[in-house]
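Open the model in a viewer and follow the stops below in order. Each stop gives a selection and then says what is there.

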Amino acid sequence: MSALAADTRHAPAILAGRGGVFGAMSDWVWRHPTMFLVLMLTPPVLWLGIIYIGSLFALLLQSFFAIDEFSGLINRDFTLKTYGELFLPQNVDIVVRTVLMAALVTVASAIVAFPIAYYAARYAKGKWKAAFYLGVMLPLWSSYLVKVYAWKLILAKEGILNWIFAKLHLTFVLDAWLALPIVGGNSLSVSYTGTFLVFLYVWMPFMILPMQAALERVPGNLIEASADLGAAPRQTFRNVILPLAMPGVIAGSIFTFSLTMGDYIIPQIIGTSRLFIGQAVYAHQGTAGNIPLAAAFTVVPIVVMGFYLWFAKRQGAFDAL
Amino acid sequence: MPSDRTQRAPIGLKIAAAAGLLFLHLPILIIFVYAFTTEEKSYVWPPPGFTTQWFAVTWNRPDVWEALTLSVQVAAISTVIALILGTLCAAAISGTSFFGRETISLLVILPIALPGIITGIALRSAFSLAEIPFSFWTIVLGHATFCVVVVYNNAVARFRRTSGSMIEASMDLGADAFQTFRHVILPNIGTALVAGGMLAFALSFDEVIVTTFTAGQQQTLPIWMLEELVRPRQRPVTNVVAMVVVIVTFLPILAAYYLTRDGDQIAGSGK
């Protein structure tokens, strides 16, 4: 009795404190929730903070160094010279080309993804809904390189796409398209059209799920009300569904835009010899050994994405993620 | 009351949705056909004949096995690290509100939100500044960093549904923290963790963009694939490996889906 009394003097709760090492630890944790929180957060924050944020800072730091033109060595003095190089015409070309491609891929993804997302959100039920979900998830998660490889097979001169055009006696259409400036080329696998198709294929699935989530939140009675008030389906779509689904579209576009902008493997395997930002980064840090310029190049997508995310946040896209 | 929900979809929408899904799936199916082709030198379609000999050839290729082993080892260790860090972070974030909470969730998501090439070159430049030589562990370091987010996403969704009062009840009834974790928390979040772990494994197994910057001379399976894509050596072997990779990544995705389909459809809703 007296032992219990002694215990309760320290802990005015109903139960006595727990015995043993585990018990003592548990009590300590229970009484110091903030300390426990700090303990739990320390490993992940240290890991991400040191390895990831630390690396990003190392990268940023390097972008303020410059390469010595004569010796080819990196001069570790603070300078903005490397950023100046970004504004050389050939480098501006690379940036414009990449951002333009990312924008085109994003718009095309939205167009292709919309019917899938809309059908899955409004009409698919039960088993079909699960089938749609898996039908999007499996291509989204299947191997990136295998997907690129599949397109190498499809776009090859002797591949399936040329075969289909030949069977349909439409080869002249393909030839006419390839004869066009900019989008054309010697064959599909070395043209911007090919690069665009593969980008669209690989990154489009990332658009569908956020879009579907936003569409599911569009109340059905609003659409009925719009129809009752005499709107044609086209008007309902433009004035009711699209504005309400927009945050989801923007959320999805963050992925397609960011992923296209940072890719260096697809344009290397399928496309022209003209560089995209990712390839420029890879080339400068690799064979050229010009890490400062590579680092400065990576700042471009970071800044573009920064503006994009700021805009997306203002449009309420983060609630749709 | 007739409602749009009970109406049938317009035929145009059906066709567009079906075409979109076909666009997503046909290229992967083509890989399966090419794995059996008799053609060695080109990607000719239709395949002139079918054979299973390339499976045996691939089976006897030591370079494929080495790359596969390395990939599995890297993915396994990265998954374990991601499971620990992701769960800790999710447990801390959910059910509490504190200053900097948003910053921490941003910190977790950032490695996947920024283009992979940035993560890759950032790690590479940090390794070179710190003079760390490339090794097995530099690959793991990169992979674990971006795998944390998938575990975190799955765990956070489940923690949100797990009532905090159950944990309080368990502690009130005299269980210590370890017992509470073992008998109350773990059964609740277990399947979400398994799902997150499988997705993390699939993500790491397939990663190539960051890996090219952190691997040095070692070849993971995706790096082996990339070499074959840039400079094809034996095309049929690549076809077979591509098919195997598709199957190997499908299984954990399907499993993760079935583990989390009740209630929280979070498993892998973003990569």
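Start by selecting V173(A), which counts as partly exposed because its relative accessibility is 39% (buried is under 20% relative accessible area, exposed over 50%, partly exposed in between, with a 1.4 Å probe and protein chains only). This is a predicted model, in which local features need pLDDT of at least 70 and side-chain atom pairs count only at pLDDT 80 or more, while totals for chains, interfaces and linings use all residues. Residues are numbered from 1 along each chain as its sequence is written, chains are lettered from A and ligands numbered from 1 in the order in which they are written, and side-chain values use heavy atoms, with hydrogens and water left out.

Next, show helix α9 of chain A, where V173(A) is found (helices are DSSP runs of H or I, at least four residues, numbered from the N terminus).

Now select domain 1 (16-75) and domain 2 (85-320) of chain A, whose bounds come from an automatic or database domain assignment. Taken over C-alpha atoms, the centres of domain 1 and domain 2 of chain A are separated by 35 Å.

Then look between the two domains of chain A: 8 residues of domain 1 are in contact with 8 residues of domain 2 (contact means heavy atoms within 4.5 Å). Last, pick L59(A), S63(A) and I67(A) in domain 1 of chain A, which lose the most area to domain 2 of chain A, together 55% of what that side buries (buried area is the accessible area, with a 1.4 Å probe, that two parts lose on being put together, summed over both). The area buried between these domains of chain A is about 670 Å², and carbon and sulfur atoms give 77% of that area.

Notes:
Helices (H or I, at least four residues) and strands (E, at least two) are DSSP runs, numbered from the N terminus.
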